[in-house]
Amino acid sequence: MAILEAENISKSFGKAEVLKDVTFSLEQGHALAIIGSSGSGKTTLLRCLNFLERPDGGVIRVKGEVLFDTNDPSTQSEAQIRKKRLHFGLVFQSFNLFPQYTALQNITLASELLAKEQNKKDPGKDNKRIDLKEIKEKALVLLDQMGLADKAGLHPYQLSGGQQQRVAIARALALEPDILCFDEPTSALDPELTGEVLRVIRSLAEKKTTMTIVTHEMAFARDVADEVIFLDDGVIVERGKAVDVIENPQQERTRQFLSRFSQD
Amino acid sequence: MDEILVIIEILAKGFLVNSRLFLLTLLFALPLGLVISFGSMSKVKSVSAVTKTIVWVVRGIPLLLLLLIIYFAPGLLWGISPWGTGNSGRFNAAVIAFVINYACYFSEIFRGGIQSIPIGQTEAGQVLGMTKGQIFFKITLLQVIKRIVPPMSNEIITLIKDTSLARLISVYEILMRAQEYAPRGLIWPLFSTGLFFLAFVGFLSLLFGWFERKLDYFKV
């Protein structure tokens, strides 16, 4: 069964219809790449999944549970949405690390706040208390996986863009989301730093992390993603196996879009 | 020689009044300013409109006039004296006027600081499942503080000098005391009050410098 099902997602900003009845699903352990030109609605789609934008219409289900349904107001309260966000992790184009915290603190902050909340609700059961030390150790393991074990104590401004983005990936992974989303994770990086971030994402794919990646790196999408969705003007024009869509697109519009990439 | 010391002591006691007015204004105007800044940023149109009007009026009126309005208006209009009587009543009225005035100025500094924080910071907190309160206190606030230290230090330095305006409603502060010697031909007490302000502002500048260095460990 699909871990993520999005049905008839629509979203408008004023008169501009950015997403028009977008329907797709994602299998557990798969990586889905969303490609398309700027303004095609890729980022908006990702932001709808993370509830940074509220869809105007549609249903979002994770593991069969309805997270969001525009016809069911009970799924739309702020507190509900806050909890449901934790099914998703999001890595931003511009990293958005918290500047006043070290790399390590960036990763542990949200887990610590959640643990404190949990412990407050449930103060009796000492053995079940989530240990802050455990959170820190887990974060250090993640940093190590990102190749940043020696950067734990540094603040974001002391890190390169690629290093910051890898910390951001670790930060998203720390909460163990069901689906990890990337919004053009390398667009703000120069080519030299792009590689190190893509390598990390590739290794996550090898570990069967369920991912949705909005990207302009076609070769990367082809090699790493299981499936590709080509989005144009708020509509899914083509979807299929990554290799098929990128090497041998069926739709004229997809061909046009991809031809601009094959030149370089 | 003895008279000089006596006068200096009297002036120092006067400056204590200025300092108290200064501290009380800060104590109340800083949190009130934050609340007002939230008001003017409110998504509820009527709230932001009302708040912005208040800020416009308060910033549009000379502090001197505001002081007189706060002190005299309740008595003239409704025949009441909510600030109490005598010295303490006048001092209370001065505190109220200063708090209202400075809270409005501070609110604009807070607003600028809060709006200068990239929306991505809030969004990063949101996708990590943080509440609005957690995002404000754990993420945004310190970044705002770091950004507003320079404009705040300006306002706060202006505040200590503005406190001498309170003599208009006979708050017995340092300039008022110093002026009393002028008719007797003693002009030096008046000018020497500048030294008190200079020393105080010097101390404030050191404090702000220290604080800025304290926040040097990160960049926004």
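Colleague: What share of the 220 residues in chain B is buried?

Modeller: Buried residues come to 43% of chain B. This is a predicted model, by the way.

Colleague: And what makes a residue "buried" here?

Modeller: A residue gets that word because its relative accessible area is under 20%. So 43% of the 220 residues in chain B fall under that cut-off.

Colleague: How many helices and strands does chain B have?

Modeller: Eight helices and zero strands. Reading along the sequence, you get α-α-α-α-α-α-α-α. As for its extent, the C-alpha trace spans about 70 × 50 × 25 Å along the principal axes of chain B.

Colleague: Which residues make the nonpolar surface patch?

Modeller: M1(B), I4(B), L5(B), I8(B) and W188(B) make it, and the patch is about 490 Å².

Colleague: Why do those residues count for a patch?

Modeller: They count because patch residues have over 30% relative accessible area and no salt bridge, and nonpolar side chains are joined within 5 Å. Helix α1 (residues 2–40) of chain B gives the most to the patch, three residues. L5(B) sits in helix α1.

Colleague: How far apart are the mean positions of the charges in chain B?

Modeller: For the 19 positive and 11 negative charges, the mean positions are 11 Å apart.

Technical notes: Residues are numbered from 1 along each chain as its sequence is written. Chains are lettered from A and ligands numbered from 1 in the order in which they are written. This is a predicted model: local features need pLDDT of at least 70, side-chain atom pairs count only at pLDDT 80 or more; totals for chains, interfaces and linings use all residues. Side-chain values use heavy atoms; hydrogens and water are left out. Helices (H or I, at least four residues) and strands (E, at least two) are DSSP runs, numbered from the N terminus. Buried means under 20% relative accessible area, exposed over 50%, partly exposed in between (1.4 Å probe, protein chains only). Lys and Arg count as positive and Asp and Glu as negative; His and the chain ends are not counted. The place of a charge is taken as NZ of Lys, CZ of Arg, CG of Asp or CD of Glu. Patches are made of residues with over 30% relative accessible area and no salt bridge: like charges are joined within 9 Å, nonpolar side chains (Val, Leu, Ile, Met, Phe, Trp, Tyr) within 5 Å. Accessible areas come from the Shrake-Rupley method with a 1.4 Å probe; for residues, only the protein chains shown count as cover. A salt bridge is a side-chain nitrogen of Lys or Arg within 4 Å of a carboxyl oxygen of Asp or Glu.
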